[in-house]
Amino acid sequence: MADKRQRIVVVGGGTAGWMTAATLAWAFAGRLADIVLIESEEIGTVGVGEATVPHIRYFNQRLGIDEADFVRRTKATFKLGIEFRDWGRIGDSYIHPFGDFGHDIAGLPFHHHWLNAARAGTAPSLEACSLPIVAARANRFAPPSADPRAVGSTFSYAYQFDASLYAAYLRDYSERRGVSRVEGRVTAVDRGDAGVAAVRLADGRRIKGDLFVDCSGFRGLLIEGALEAGYEDWSHWLPCDAAWAVPCSNTGPLTPYTRATAREAGWQWRIPLQHRTGNGHVFSTRFTDPDVARARLLDTLEGEALAEPRMLRFRTGRRRSQWIGNTVAIGLSAGFLEPLESTSIHLIQLAIGKLIELFPADGAVDPVDIAEYNRAMALEYERVRDFLILHYTATERDDTPFWRHVRTMELPPSLVEKMAEFQDRGIVAAYREGMFLPASWLAVYYGQRIVPQRPHPLVAAVPPEQSAAHVAAVAAACRRAADAMPGHADHIAAIGAAA
Amino acid sequence: MIETVAILGDTLCGWIAAAALARRLPRAEYRVLVIDTGARGDGLGDFAPLIAVPPALAAFHADLGLDDRQLVDGTGGGYALGTVLAGWRADGATGFLSYGETGAPLDGIAFRHLAARLRSAGQTVRFADHAIAALAAQSGRFDPAAPIDRGLHLDSSLYARMLRSIACNNGAENASAPLRDITTDGPIATHLTLTDGTTVEPFLLLDCTGTAPTDAPFEDWSHWLPCNRTATETVPADGAPPPFAQVDAQDAGWVMGWPLDGADVRVACSVDGAGRSFRQGALAAPWTGNRIALGAASCLLEPLHPTALPLLLNALVRLIQYWPADRTDPVASAAFNRGTTGEQARARDFVIAQYAAAGRPGAFWNARRTTELPDTVVAKRDLFAARGRLPMFDDEPFEEEDWAAMFDAMGVVPRRHDALADLLPIPAIERHLAAHRAAMIDRVRSLPPYAQVVARRRAVA
């Protein structure tokens, strides 16, 4: 096998680059492939993806990463969901949790019974029926229970971490497993029969490879610059095209959730880490001036700004092909979806997983593999896109031109169909691929005031007090389980990380 | 007012629908009424006096308070741990598709990739040597109490009778007389008149007669699945029945054998052979107006795999989820039709793919390989042939492992292997497979011979 060893060149060393290098190192380094990562200290990483979804835990587990060590070194906090403020209406707040609302009753989803009880005015809030929300609101955290019958097993969790520390952590991991890091800036790409033959660095070096992974960020040096994949632009549905990012000092309790607050022409993130809070204002330059957006961000910081705000520009959409010839684009080079639902790192992780599954071990890339990769990734991006658009279209806000635009814009047919089914009678169709499960859709629908026009006919026949008893029992169990959890900061302290 | 859910067809399909709905519909609101239309047979294609029940139906039966032993003993049926496929492959070798899991993963790498790795090193690995159901089948041992996935072969009319009794206990009713005619207003069935003069105003009309309405748009699948004749016979058989089914490929179709105590039931499907004619395909919109076609009235697929019952049960689950508020409910029916027709098409794909992957020579079989296939089949066939993986779509009734096992049984050998499996040392994979197999063989040794189970049942009866 040693004679077949290929050279994989990862171009770019941000979160995407080091996640890719680390996984390839874990899987193949020294056996099937030699891995080279090229990055330049001159080029900053974007690192907006500081908040994650629960799948990141499987990524870390696969690499054999110890959670406590990881939490200490990336200054991570735990995350039970995302709080959305001012989205449906100014003054609204809801949490999209990593977990279910109650459990099915007689073959029907719980939320129909909650609605039935709510119609009679006897139900607690839907939030009260979700353990991760109840715990998040109380700033409490404990890992899920392994007992599937316990309410404590009805949720999952993710992390909020410093993306540059995570990249450094994975760099350390990768280098210990034989990845060679090349300091340098790519200035040219040499095409070859297979796609890319080599990249040239500013200092004149030429680095050849069998397989290239383009983690060069928005520019897509290889996938677009050299291979001209083309870009499917989605900014007519998701008009935000810029963000200011700035960290600030921590104030108040350490929340086990990310916050996304709707603004006049976009929204603002708040990601609490152990040592600071990440903030960013995502906005549309069609609807507001960057200086206004910057001032709005600085005016609303909870703590003291720890750096000058940095502005990023982006165009929402996806590369028409994410894998061409011997080149795979992973991360921002593959497409961009604003971090409203913390999907950036997850999409990187999915791409890496697919690449490993379809890895051209003998060095020859099969068109069948490329077709499957591009099909699967396109579907993932589209399904995330629809979920993000829902947040903008499901609103009563009409206070600014931005909100008047997004609430009335024409939607993708795939989303129109989904929304019609929910609005009519509370149907949330599950699908096989796509990261957001029905509970996520429910959280956003109800949280943004989309309520089914009609009750489920089979639940409407159930006396409201009977539904209310189910709902009350679930809410009481969530309350008890949340009360038994330690504070979030205490949990972090207990695993040995200084909060 | 109590609404009537009228089920047309005193068939197995009709009584399954009645049993499922009577469990779920509030009795104060709905009456479930089964009406005989004169349709005979199971309403599920009527390919045999028996119906094949895959393990996936266990949850439905449990919800009704039935276990496998009650079902088999109560209907004079049998158990099946899998299916022998004979005469399908180019090399003439026999394959075995077993129920339940095959092998165990090592370091997160699926068994089939481990097997491919050993094969690439020149070793012979048979899936059937690594599935507990297949090992039990090979040694003729089985105990219904053992936690081993199994299918059932049940006498359709006795099975229907058991379900009728459960449905009626839950409030379903048998109509006072057979159907005379249906009065419609556009897509809505407004009145049903029975032969005794009774009229029924159905809220929903579930067509479980087994025959698709001739005036509804029908997607014909016969260019992919040309078998159009079926015949069945029950032949005496000596000795203990084996706990598995067998499908022998023929020149233009196949013959399946289901062993029972003292007899074998045989079903043949062929192009222009002996027996009754049928046409494979599905309604474009099984739910139109207040009429919902279920079972073979909605979709007719040759019974090469036991797909009829899971498709019916999943359609009923969907119906409960999307239960209409009124006689017309375009949102609910569109959602139901999307999921139901999607799942039917993916079940169809599995059968088409098996024909296309079979290497058997002959004009019929050559045509199965050279006919233009649905894109969804091409995608699965090509990626499996390339590297043993499967693209999976929404509404798949079969899992990735089922697809892989079928292609393997047809003798398809992927051109390349999983890169992670390639890095495992061969001895580590060998040890893993051997240890797992030894543990399964120990479990199989503790089972009684299947013949004893059959004999004990005969003694009780």
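Student: Why is L211(A) called buried?

Tutor: This is a predicted model, and the call rests on a count. L211(A) has 24 other C-beta atoms within 10 Å. The cut-off for buried is 20 or more. So L211(A) counts as buried.

Student: Where does L211(A) lie in chain A?

Tutor: L211(A) is part of strand β11, residues 211–214 of chain A.

Student: What makes I8(A) a contact of L211(A)?

Tutor: Contact needs C-beta atoms within 7 Å. I8(A) is listed among the contacts of L211(A), with neighbours within four places in sequence left aside. In sequence, L211(A) and I8(A) are 203 residues apart. In space, their C-alpha atoms are 4.8 Å apart.

Student: Why are α1(A) and α6(A) called roughly parallel?

Tutor: Take the angle. α1(A) and α6(A) pack at about 25°. Angles under 35 degrees count as roughly parallel. Therefore α1(A) and α6(A) are roughly parallel to each other. Their axes are 9 Å apart, and the crossing is left-handed.

Student: Which residues make that contact?

Tutor: From α1(A) come T15(A), W18(A), M19(A), A21(A), A22(A) and A25(A). From α6(A) come A163(A), Y166(A), A167(A), L170(A), R171(A), Y173(A) and S174(A). By class, the contact of α1(A) with α6(A) has 10 nonpolar, 2 polar and 1 charged residues.

Student: How do you know which residues belong to domain 1 of chain A?

Tutor: The domain assignment gives the bounds. Domain 1 is 6–77 + 161–235 + 316–383. Domain 2 is 99–155 + 412–488, and domain 3 is 242–313.

Student: How far apart do the C-alpha centres of domain 1 and domain 2 of chain A lie?

Tutor: They lie 36 Å apart. The contact takes 7 residues from domain 1 and 4 residues from domain 2. On the domain 1 side, helix α10 (residues 367–393) gives the largest share, 4 residues. That side has 3 nonpolar, 2 polar and 2 charged residues.

Student: How many residues of chain A are in contact with chain B?

Tutor: 32 residues of chain A are in contact with 30 residues of chain B. Five helices of chain A are named here: α1, α9, α10, α12 and α14 each supply at least two residues of the chain A side.

Student: What makes α10(A) stand out on the side of chain A that touches chain B?

Tutor: α10(A) gives the most to that side, with 5 residues. By class, the side of chain A that touches chain B has 18 nonpolar, 2 polar and 12 charged residues.

Note on methods: Residues are numbered from 1 along each chain as its sequence is written. Chains are lettered from A and ligands numbered from 1 in the order in which they are written. This is a predicted model: local features need pLDDT of at least 70, side-chain atom pairs count only at pLDDT 80 or more; totals for chains, interfaces and linings use all residues. A residue is buried if 20 or more other C-beta atoms lie within 10 Å of its own, exposed if 12 or fewer, and partly exposed in between; C-beta atoms are placed from the backbone. Two residues are in contact if their C-beta atoms, placed from the backbone, lie within 7 Å. Domain bounds come from an automatic or database domain assignment. Ala, Val, Leu, Ile, Met, Phe, Trp, Tyr, Cys and Pro count as nonpolar, Asp, Glu, Lys and Arg as charged, and the others, Gly among them, as polar. Axes are lines fitted to C-alpha atoms, for helices over the stretch in contact, and angles run from 0 to 180 degrees between N-to-C directions. Angles under 35 degrees count as roughly parallel, over 145 as roughly antiparallel, 65 to 115 as roughly perpendicular and the rest as oblique. A crossing is left-handed if the near helix is turned anticlockwise from the far one by less than a right angle, and right-handed if clockwise.
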